[in-house]
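Reader: Could you walk me through this one? I would like the folds and contacts in plain words.

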Amino acid sequence: MLVKTYGSAVFGVDAITVAVEVSINNQGKSEAVIVGLPDSAVKESMLRVESAIKDNGYFMPRTRLIVNLAPADVRKSGTAFDLPIALGTLGASEQLDNAEKLIDYVIMGELSLDGTVRPIKGALPIAIQARKENFKGLIVPQQNAREAAMVNNLNVYGVTHLNEVIDFFKDENTLEPVIVNTREEFAQAQSDFEIDFCDVKGQENIKRALEIAAAGGHNAILIGPPGAGKTMLAKRLPTILPPLSLQEALETTKIHSVAGKLPENATLISKRPYRSPHHTISDVALVGGGGNPQPGEISLAHNGVLFLDELPEFKRTVLEVMRQPMEERRVTISRAKVALDFPASFMLVASMNPCPCGFFNHPEKECTCPPGAVQKYLNKISGPLLDRIDLHVEVTPVAFSELSSAQQFEKSVKIRERVIGAREIQAIRYKDNEGVYANAQMSSKMLKEICVIDTPSQNLLKTAMEKLNLSARAYDRILKVSRTIADLAASDEIKPEHLAEAIQYRSLDREGWAG
């Protein structure tokens, strides 16, 4: 007898529907075979399925059993096919009534040896694909049910045991669809932060620089001695970024779902991601890849912040692989048989000490590095990577008087309002430019049209370039940042004061800065 049901395979951040066909016949030797390019985890499925079936009072057929996963030319991986294979086996051996109903559902779940259903990765893209193909419902582990139920117009059933699914198809019990009020939960969680910019004493100039970075989507690097508050400030950057739109939240949640990074019973990710990988990270872990390609840190930071602490300590090869994704805002992982795209639109925020000992340019402590060590340390960061960082911000230690002050500092909510206002101006400006939503993404052609400056401003910029020995790469960056500063001030034109402030944020471009 042949029985058919459906599962799903995740590729990149999307899913494709997989037909699970189970055939039992009495001809040939007694064996169970899975075909259709299964990996080792899928091949081992038959042992888990056999144990789960027997443990719950059913029998495993002792004839020829063939499981085909179609399309057969696409590689299947993971343990999530256990549940559809078990139900197909019970249906084909006539132990499951109404087996013809199996074709109306997409069924996914890993089985324990006693029949308990364990969670899977990628429930959200699986649910999106099931709705697209008009299935009657989706059956997934209970821990993934809320995640999958974010998809409207699809009945999602969460199950904890194989028997629940068997009884459901035998009409001996009813499963209730999981209902999630996505918009309401999403709106409530968007402003619920445990940290705030008002926790940071002093450092008003750094807060201002991060406000500009948030308003224009600019990458930034913080340079300062240990303990000056670089990491503390960077952690609070997501609290002043504009709230995620529903579309952005869905994109971000899909990536985290595929990577298996969503907590149990999670729904939409409502806050912008903040990822802070350690400097020992490998190239593949940062950009994504592996035998079965998975998203890396730059994709997990999509629509959020990627913070690289102690930037010169990262391996040079690791930093160089980021250059192309930073430009294209996506990364393509190519293998012999498959090429997958992962989104990677993130804000890069990096921090570094000014020298190996950490005290170069310190107002009180003396640098103990030998001659040339400072320049050698800075040279660990390549010019092309530095070229993609708009703001270079020098962080100085906080004075004791500011640390002990009882003064109330500005809250993230207030700063966020100004950032949202500047982003709204940019949204109108770039409404006809697909893929551009912030000043940081301006092309050279757009820069000439949008960042027009008057004669006094041109003279100021010329003087700054000459006096500070700014490199040529600084020119475009200064104009982009000054446009953002003008947007924060709700100014249609770039004024000399906006330009003057932008010039301050090019520390590492000054020739001889480390001399």
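Author: What follows goes from the whole protein to single residues.

Author: This is a predicted model, in which local features need pLDDT of at least 70, side-chain atom pairs count only at pLDDT 80 or more, and totals for chains, interfaces and linings use all residues. Residues are numbered from 1 along each chain as its sequence is written, and side-chain values use heavy atoms, with hydrogens and water left out.

Reader: How many helices and strands does the protein have?

Author: There are 22 helices and 18 strands. Both are DSSP runs numbered from the N terminus: helices are H or I with at least four residues, strands are E with at least two. Along the principal axes, the C-alpha atoms fill a box of roughly 90 × 50 × 45 Å.

Reader: And what share of the residues is buried?

Author: Buried residues are 54% of the 515 in the protein. Buried means under 20% relative accessible area, exposed means over 50%, and partly exposed is in between, using a 1.4 Å probe and protein chains only.

Reader: Which aromatic rings link into a cluster?

Author: Y105, Y157, F168 and F169 are linked by ring pairs. The count for the protein comes to 7 aromatic pairs. Rings of Phe, Tyr and Trp (its six-membered ring) pair if their centres lie within 6.5 Å; planes under 30 degrees apart are stacked, over 60 edge-to-face, and the rest tilted.

Reader: Take Y105 and F169. Why is the pair edge-to-face?

Author: The planes stand at 85 degrees with the ring centres 5.5 Å apart, so Y105 and F169 count as edge-to-face. The pair links distant parts of the chain, since Y105 is in strand β5 (residues 105-107) and F169 in helix α6 (residues 162-169), 64 residues apart. Y105 and F169 are both buried.

Reader: Which lysine lies over the face of F168?

Author: K101 does, at 5.9 Å from the ring centre. Likewise, K271 lies over the face of F193, at 5.8 Å from the ring centre. The rule asks for NZ of Lys or CZ of Arg within 6 Å of the ring centre and within 35 degrees of the ring normal.

Reader: Back to α6. Which residues of α3 meet α6?

Author: L83, A86, L87 and L90 in α3 meet L162, V165, I166 and F169 in α6. Contact here means heavy atoms within 4.5 Å.

Reader: At what angle do α3 and α6 pack?

Author: Helix α3 (residues 82-92) packs on α6 at about 45 degrees, with the axes 11 Å apart. Axes are lines fitted to C-alpha atoms, for helices over the stretch in contact, and angles run from 0 to 180 degrees between N-to-C directions.

Reader: What about R329, where does it lie?

Author: R329 is in the loop between α14 (323-328) and β15 (330-334). R329 also has a positive phi, about 60 degrees, although it is not a glycine.

Reader: Last one: is I34 buried or exposed?

Author: I34 counts as buried, at 12% relative accessibility. I34 is in strand β3 (residues 31-35). Leaving aside neighbours within four places in sequence, the contacts of I34 include V42, M46, L69 and I85.
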